[in-house]
Amino acid sequence: TMERTFLMLKPDAIQRGLIGEVIARLEKKGFQLVAMKFLRLTREMAEKHYEEHVGKPFFPGLVDYITSAPVVAMCWQGKDIVTVSRDLMGATNPAKAAPGTIRGTFAVDIGRNIIHGSDSPASAERELAIYFAPEDFVSWERNN
Ligand code: CMP
């Protein structure tokens, strides 16, 4: 099924100059960019984005990290993109992520794992609404 998801390049991807490499993988896979914004998260946005992790031991460190430098917030669409993009990203813990995946290739630290992807279509809609207004989504035809 055709779906859209929220993908975000995290501060470590920006700090390490990996924006282009990660976006290239998504484009070459055949997914379509629908919205994109370069911004630095406020603590309020970070707490909203990660509300399911409030109270966990890693939460304060997670908010410090995600607000430490800019991020690239994106909406992508494609066939079964929620699960397929998570397969491309690899396991949350990059030390366990399969070789060849984005995290398996570029990261080793769970607190510096390059990219975020929504875990369900419902999470995608909730997260997209934090970053984008309805007019930010651009629809276009991909011809190849
Ligand atoms: P993400 O998929 O963006 O969602 C929650 C994030 O919390 C996760 O990626 C990790 O970057 C971060 N995190 C940091 N420490 C941990 C941990 N010990 N367990 C799970 N997630 C962690």
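In which loop is D80 found? The legends below, which describe close-up views of a predicted model, begin with that residue.

**View 1. D80 and its backbone angle.** D80 is found in the loop between β3 (71–79) and α5 (81–89). Although D80 is not a glycine, its phi is positive, at about 50 degrees. With 12 other C-beta atoms within 10 Å, D80 counts as exposed, because the cut-off for an exposed residue is 12 or fewer such atoms.

View 2. The loop between α6 (102–106) and β4 (115–117) holds I114, which has a positive phi of about 75 degrees although it is not a glycine. Is I114 buried or exposed? The residue has 25 other C-beta atoms within 10 Å and is therefore buried, since 20 or more are needed for that label. D80, by comparison, also has a positive phi, but D80 is exposed.

**View 3. H116 in strand β4.** H116 lies in strand β4, and UniProt, in an unreviewed entry, lists this residue under "active site". H116 has 19 other C-beta atoms within 10 Å and is therefore partly exposed, as a residue would need 20 or more to be buried. Which residues is H116 in contact with, once its neighbours within four places in sequence are left aside? They are L7, M8 and K10.

**View 4. The residues around the ligand.** The shell around the ligand consists of H53, F58, L62, T92, I110, G111, N113 and H116. By residue class, the shell divides into three nonpolar, five polar and no charged residues. H116, one of the residues around the ligand, is also the residue that the UniProt record lists for "active site".

**View 5. L39 and its contact with P70.** L39 is placed in strand β2 (residues 32–39) and has 12 other C-beta atoms within 10 Å, so L39 is exposed. How many residues apart in sequence are L39 and P70? They are separated by 31 residues in sequence, yet their C-alpha atoms are 5.2 Å apart in space. Not counting residues up to four places away in sequence, L39 touches P70, V71 and A73, and of these V71 and A73 fall within the span of β3 (71–79).

View 6. An unreviewed UniProt entry places the feature "domain: Nucleoside diphosphate kinase-like" at residues 2–139. Over residues 2–139 the chain is 41% helix and 20% strand, and the C-alpha atoms at the ends are 13 Å apart. The protein has a mean pLDDT of 97, with 99% of its residues reaching 70 or more, and the model scores ipTM 0.90 and pTM 0.96.

Key
Residues are numbered from 1 along each chain as its sequence is written. This is a predicted model: local features need pLDDT of at least 70, side-chain atom pairs count only at pLDDT 80 or more; totals for chains, interfaces and linings use all residues. UniProt positions are given in the numbering used here, feature names are shortened, and annotations may be inferred rather than shown by experiment. Helices (H or I, at least four residues) and strands (E, at least two) are DSSP runs, numbered from the N terminus. A residue is near a molecule or strand if its C-beta atom, placed from the backbone, lies within 6 Å of it. Ala, Val, Leu, Ile, Met, Phe, Trp, Tyr, Cys and Pro count as nonpolar, Asp, Glu, Lys and Arg as charged, and the others, Gly among them, as polar. pLDDT is the predictor's confidence in each residue, from 0 to 100. Two residues are in contact if their C-beta atoms, placed from the backbone, lie within 7 Å.
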